[in-house]
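Subject: A structure for you to look at

Dear colleague,

Here is the structure that I promised to pass on to you. Please open it beside this message, and then read on for what was found in it.

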Amino acid sequence: MAEEYDEKTSELLVRKWRVKSALGALGQWQIEVGEPAPHGAGNLGCELIKESNANPIFMRKDTKMCFQWRIRNLPYPKDVYNVYVDQQERCVVVRTTNKKYYKKFSITDLERYQLPLDDSLLSFAYANCTLIISYQKPKEVLVAESELQKELKKVKMAHSSDRDCKTQ
């Protein structure tokens, strides 16, 4: 796993995972939080067919108090969307009444902490052809994140003091 944080705000910008294949080779990075890399960036594969720019783009971008997902390129009005928690499959479902879009996704952070999903913590908004889905972080997650930030500050302080000692 690799994470990138904003130095000033301590906000999580990117979290990505990379797993080894059955033969031990490293696989592709799977982005959990942050914007996906644009197609063709960094590798010049032999892809002759390219995705349409008008397709919906699904990404996660968290805030301090909420897990947040954005689905861009959705041209329907807000009243067409139905966003809810499916308790049996432990996931969030997005569907449109006109049957043009359907998406199911799990909240991986809640899976890691084995916390239940709560419908009352889910909300959504729509603006500029983008559906913004928010799920308030439970207090257990907020406590764990604050502990992580404390550890990161300790590491950063230790690293900066090591650098100061070397320059003297």
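Glu3 counts as partly exposed, because its relative accessibility is 27% and that label covers the values between buried, which means under 20% relative accessible area, and exposed, which means over 50% (1.4 Å probe, protein chains only). Before going further, please keep in mind that this is a predicted model, in which local features need pLDDT of at least 70 and side-chain atom pairs count only at pLDDT 80 or more, while totals for chains, interfaces and linings use all residues. Residues are numbered from 1 along each chain as its sequence is written, and side-chain values use heavy atoms, with hydrogens and water left out.

The partner of Glu3 is Arg15, with which Glu3 forms a salt bridge whose closest N and O atoms are 2.7 Å apart; the term stands for a side-chain nitrogen of Lys or Arg within 4 Å of a carboxyl oxygen of Asp or Glu. This pair links distant parts of the chain, since Arg15 belongs to strand β2 and Glu3 to strand β1, 12 residues apart. (Strands, E, of at least two residues and helices, H or I, of at least four are DSSP runs, numbered from the N terminus.) Arg15 is buried, with a relative accessible area of 7%.

Strand β2, residues 12-17, pairs with β3 over three bridges in the antiparallel sense, and Trp17 stands opposite Gln30 in β3.

How many salt bridges does the structure hold? There are 13 of them. Another one joins Lys137 to Glu145, with the closest N and O atoms 2.9 Å apart; Lys137 counts as buried at 9% relative accessibility, whereas Glu145, at 23%, counts as partly exposed. In helix α2 (residues 139-167), Lys150 and Glu147 lie three residues apart, about one turn of the helix, and they form a salt bridge with the closest N and O atoms 3.7 Å apart. Salt bridges that share partners also join Glu3, Arg15, Glu32, Arg60, Asp62, Asp109 and Arg112 into one network.

Key:
Two strands pair if DSSP finds at least two bridges between them.
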